[in-house]
Amino acid sequence: MSAMVYLSEGPGLIMLAAALFCIVAGTGIAVHRSAKKQLFGEILLPCSMIALSILFLFITFDFPSEEAGPSAVPRLWIFWLCFLSGAIIWQTLKRKDTEVKKSGRLGFLLFVTLILVAYYFAMQIIGYFLSSFIFLVLLMHVLSYKRKLVIITVASGWIGFSYLVFYKLLYIQLPLGYFEYYF
Amino acid sequence: MELFDSVMMGFATIAGWKPILIIFVGVVVGILAGAMPGLSPSTAVALLVPFSYTMEPALALILLTSIYIASNYGGSITAVLINTPGTPSAAVTALDGYPLTQQGHAGKGLGVALIASTIGGAIGVLILILFAVPLAKLALKFSPADYFALALFGLATVASMGRGNVLKALVAILFGLLIKTIGIDPISGVSRFTFGNDMLYDGFTLIPALIGLFAVSVVFVRVEGWTGIGRTLDKIDNKLPTFNEFLKIKMTILKSSVIGTIIGIFPGAGATIAAFISYDVSKRSSSEPEMFGKGSLEGVAAAEGANSSSVGGALVPLLALGIPGSATDAVLLGAFMLHDLVPGPLLFRDHPDIVYGIFAALIVANLVILLVGLYGNKLFIKVVSVPESLLYPMILAIAMIGSFAVNGSMFDVAACIGFGVVGWLFKRYGYPVAPVVLGIVLGDMVEENFRRAVIMDGYGAFFRDKLSMVVLTLAFLSFIYPLVKQWREKRRLKAEK
């Protein structure tokens, strides 16, 4: 029991998370090198669910133990999540038709996601208005829209709309970054 | 006869250009606020409370209730057109509304949403007028075990969302339920799964999660399949559904309106649960259940009829007993008090003009919604006629500001992006995302009532209470039925081979 409590917080929890990550990654590599390579994602997703459940389960050992206490319901969900994820893995491995939907442009998707993440950080540094303008112009360009005047008009229109409606009318304190002084 | 006189008195209260203008303004503001992700009905009502302070009490409350009922319809516009539910309950509308838009039938999707909302809203108000007091008293007799059973019945709706793989739908809902346990435990106050991050003390906010799972994930899916050409959706028509199509869904609208009103009466249940349960019931009783999730008009009608009628239901405990059943009702309660009015039985006796004025205003507001919707839909449809290369960046920008606007927190924006990735992964591997939302919505209700019932009466509480026994049995059958159906289907296919 003390080992479980150790793994439920602090360095023990970090070790547990690292170990679970390694197991999931190892499973991923093993599947990728096996004959069931095409089921990589289908197996890895429920595996990640099980890993997440185990991590959460260990954290519950740190909660006060009492009847119908704070750990009761999370453990119930964790049990069923593990059980059903396991059933999905079993079902996937047993499946005879191994035809899986082809991957699309994952590199392009990653690039767009990175632009979105950069926008998130830029909002806090250069403020919502400037970062949104750059984000919209850049993403429309990346998605190969050609008419520059339309791009500039749409991006400017959105900035104007969000300034008037969200900032002025609804008093939502949008992040202003370094430009806070000017507003 | 007394009731009839009271209703007439209500209509007398709203007779004149001023109340009608206020209803019109309330409906327009409500539709716009509902359509804007991040602005919930409660936020829209709260924002207008200060403006109503100097108005006469009856007019102020007419304005606020008009916003309330219209914002529930407004949420369906962006749900149908760009798969971005403006309100949590509109997530259910998006399940069939967005596929309709993808097939070029945005007009039909919006038209059915409009008609179902209007009829649902009117039925909700009618039930409110007729049964406000006795229904509110009945709802108050429900024990935690009954509420737990009701919530579990709500969860059971998930089993029918699996589209051939019930296990994946169940995993999705369990994921949502587990996510909902993050934060401060509602009963003992213990911090759970927060990893020391104080932003997680209140758990994940629903709206950013919703926007991420529904809107951001769709953009990711489209970007993954990007061909390099920013095409426009082909042949978007703004044609309303035909009269025959309406006749086909009339029973669905009626059924969902009654379900929505009844569920709306239970404090804490709300429009989202009403929409999910109504959707499930309609799918099970439909002659074309296979069309649900693929652009079924019945699906849109079931969701919208229920969420709009739940407004009337939610006003029952508020007006009759002074108990707010939802966040918007809590804001309305504050507005009542601001004008020195105390909702409850005495309000009916001392201020029947105000109470029945609100009822009459809600009926008129439904007609105004119909009018604004009929003319506005043509304008709204133009949104999806823009090229995808312009539309998707705009959806992401709306998603970001919508997530931020809820709490003014950048953490919510990050959560929205995170849920977008989760939604994309789920969609990629055939897991439905709606059950995750259902899990997040119902998580607290299930847990709190389960634990309260056990603490008060032990584990036997659920079996001693007759009502909870009946509802639990129904929930169990709802879970089992799709599994048995799937198993039978597999056996039949095997035998055919």
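A crossing of two helices is called left-handed if the near helix is turned anticlockwise from the far one by less than a right angle, and right-handed if clockwise. Helices here are DSSP runs (H or I, at least four residues), strands are E runs of at least two, and both are numbered from the N terminus. With that in hand, α7(B) passes α20(B) in a left-handed crossing.

Before going further, some ground rules. This is a predicted model, in which local features need pLDDT of at least 70 and side-chain atom pairs count only at pLDDT 80 or more, while totals for chains, interfaces and linings use all residues. Residues are numbered from 1 along each chain as its sequence is written, and chains are lettered from A and ligands numbered from 1 in the order in which they are written.

**Helix pairs in chain B**

Axes are lines fitted to C-alpha atoms, for helices over the stretch in contact, and angles run from 0 to 180 degrees between N-to-C directions.

| Helix pair | Axis distance | Angle |
|---|---|---|
| α7 (144–156) and α20 (466–496) of chain B | 8 Å | about 15° |
| α4 (57–82) and α5 (90–102) of chain B | within 6 Å | roughly 40° |
| α10 (243–265) and α12 (297–321) of chain B | within 6 Å | roughly 30° |

The axes of α7(B) and α20(B) pack at about 15°, which makes the two helices roughly parallel. Angles under 35 degrees count as roughly parallel, over 145 as roughly antiparallel, 65 to 115 as roughly perpendicular and the rest as oblique. Residues are in contact if their C-beta atoms, placed from the backbone, lie within 7 Å. By class, the contact has 13 nonpolar, two polar and one charged residues. In this scheme Ala, Val, Leu, Ile, Met, Phe, Trp, Tyr, Cys and Pro are nonpolar, Asp, Glu, Lys and Arg are charged, and the others, Gly among them, are polar.

The α4(B) and α5(B) pair is oblique, and α4(B) passes α5(B) in a right-handed crossing. Its contact includes B:Gly75, B:Ser76 and B:Ala79 of α4(B), together with residues of α5(B) such as B:Ala94, B:Gly97 and B:Tyr98. Seven nonpolar and five polar residues take part, with no charged ones.

α10(B) also passes α12(B) in a right-handed crossing. That contact has 14 nonpolar, 13 polar and two charged residues.

**Where the chains meet**

The contact between the chains takes 46 residues from chain B and 51 residues from chain A. On the chain B side, α8 (166–180), α9 (206–224), α16 (388–407), α17 (410–428) and α18 (434–457) each supply at least two residues. α16(B) gives the most, with 10 residues. This side of chain B divides into 32 nonpolar, seven polar and seven charged residues.

A:Gly104, in the loop between α4 (72–94) and α5 (106–126) of chain A, touches B:Glu224 and B:Gly225, not counting residues up to four places away in sequence. A:Gly104 is partly exposed, with 16 other C-beta atoms within 10 Å. A residue is buried if 20 or more other C-beta atoms lie within 10 Å of its own, exposed if 12 or fewer, and partly exposed in between, with C-beta atoms placed from the backbone.

**Two loop residues with positive phi**

A:Ser144 has a phi near 60°, a positive value in a residue other than glycine. A:Ser144 sits in the loop between α6 (128–142) and α7 (148–169) of chain A. In chain B, B:Phe193 has a positive phi of about 55° although it is not a glycine, and B:Phe193 is found in the loop between β2 (191–192) and α9.

Note on methods:
Two residues are in contact if their C-beta atoms, placed from the backbone, lie within 7 Å.
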